[in-house]
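Hi there,

Here is the structure I promised to pass on to you. Please open it next to this email and follow along as you read.

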Amino acid sequence: MKSAILATLVASAAAFAPAQTGRSVTSVSEGKADLEALAAKANPAVKFYDPLNLAEQEFWGKSNEATIGWLRQSEIKHGRIAMFAFVGYIVQSNFVFPWAQTMAGAAHPSPDLVPEAQWDAIPLGAKWQIFAVISMLELWDECGGGGAVPHYTNGRKPGQYPPFTLFRDNVHFVLDLYDPFGFSKNRSAEKKERGLTAELNNGRLAQLGIFGFLCADKIPGSVPLLNDIAIHYNGDPMIPFEGQFSYF
């Protein structure tokens, strides 16, 4: 069944691709009315849903516009990570890379293991490498690529990741994360807007999907649809270094 899900995802891979977040009203100066308009396009049935009134808050003493910029950036980022995780979970459940995982020649964990158990089987050093790369990407995002773009609470389009221009010009060549080959730079505003809406919806769905997998593996019967494919996991998926490292 997981293979069937993977086939479906591959057939619609374009829908999961990160989309340029440009649109005529997409800026940090968005207000609640702009969010309501975006919500109506993303889901005409539910429309705007904000039971905690977050869109009216002013986090950390900043303006409401800056707060909305932070919330928008956060949602898009979580959605993108969830899309990676959802697809990754299915791939890990069916395939294994043919090359060695370590310099010593150790193979990658078997797909017979549930993906959470595969993570546990990765050497501690490899996990730290993964987290180090993530940390560097987060730092680059927070500093706006060395000033290439403003902070997302101060004028940057929500979801826009800074280019690696400064790094590329002073260290070595590296492709940008978004549109590395420039295929999308000439897309019309309408297509970019549709891409943003699709990315939001896919990201929200992927968040539900990956947590559905995690819950089904951890709590038997919690997701009836996945009962036939779930493999029980004895560890804690919320503790990435369980049994290897802890602050406590």
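Cys 143 counts as partly exposed because its relative accessibility is 37%. Cys 215 is also partly exposed, since its relative accessible area is 31%. Please keep in mind that this is a predicted model. In case the term is new to you, a disulfide is a covalent bond between the sulfur atoms of two cysteines. How many disulfides does a search of the whole structure find? The search finds zero.

**The cavity**

Next, some empty space to look for. Rolling a probe the size of a water molecule over the atoms shows where empty space is left. In this model there is one cavity of 30 Å³ or more, and the volume of the largest cavity is about 50 Å³.

Which residues line the largest cavity? They are Glu 75, Ile 76, Gly 79, Arg 80, Glu 199, Leu 200, Gly 203, Arg 204 and Gln 207. Helix 9 gives the most, with five residues. Sorted by class, the lining of the largest cavity has four charged, three polar and two nonpolar residues.

**The second largest pocket**

Now turn to the second largest pocket, which holds about 690 Å³ of space. Its lining is made up of 21 residues, and those nearest the centre of the pocket are Phe 48, Tyr 49, Asp 50, Glu 75 and Arg 204. Helix 3, helix 4 and helix 9 are the elements that give two or more residues to this lining. Which of them has the largest share? That is helix 4, with five residues. By class, 12 residues in the lining of the second largest pocket are nonpolar, five are charged and four are polar.

**The nonpolar core**

The largest nonpolar core has 15 residues, and the members that touch the most others are Phe 86, Tyr 89, Val 114, Ala 206, Ile 210, Phe 213 and Leu 226. Helix 4 and helix 9 are the elements that give two or more residues to this core. The largest share comes from helix 4, which gives five residues.

Leaving aside residues up to four places away in sequence, Leu 226 touches Gly 212, Phe 213 and Ala 216.

Ala 33 sits in helix 3 (residues 32-42). Is Ala 33 buried or exposed? Ala 33 counts as exposed, because its relative accessibility is 55% and the cut-off for exposed is over 50%. From Ala 33 to Phe 48 is 15 residues in sequence, and the C-alpha to C-alpha distance is 9.7 Å.

Two residues in the loop between helix 3 and helix 4 are worth a look. Asn 53 lies in that loop, and its phi is near 55 degrees, a positive value in a residue other than glycine. Trp 60 is in the loop between helix 3 and helix 4 too, and has a positive phi of about 55 degrees although it is not a glycine. As for accessibility, Asn 53 is partly exposed because its value is 36%, whereas Trp 60 is exposed because its relative accessible area is 63%.

Enjoy exploring!

Note on methods. Residues numbered from 1 in each chain as written. Predicted model: local features only at pLDDT ≥ 70, side-chain atom pairs only at ≥ 80, totals over all residues. Heavy atoms only, no water. 1 Å grid on protein atoms, 1.4 Å probe; cavity = no way out; pocket = protein on both sides within 12 Å on 5 of 7 lines; lining within 4 Å. Points joined across faces, edges and corners; volume = space filled by probe spheres on them. Helix = DSSP H or I, 4+ residues; strand = E, 2+ residues; numbered from the N terminus. Nonpolar A, V, L, I, M, F, W, Y, C, P; charged D, E, K, R; others polar. Buried < 20%, exposed > 50% of the residue type's maximum accessible area, 1.4 Å probe, protein only. Core = buried A, V, L, I, M, F, W, Y, C linked by side-chain atoms within 4.5 Å. Contact = heavy atoms within 4.5 Å. Disulfide = S-S within 2.5 Å.
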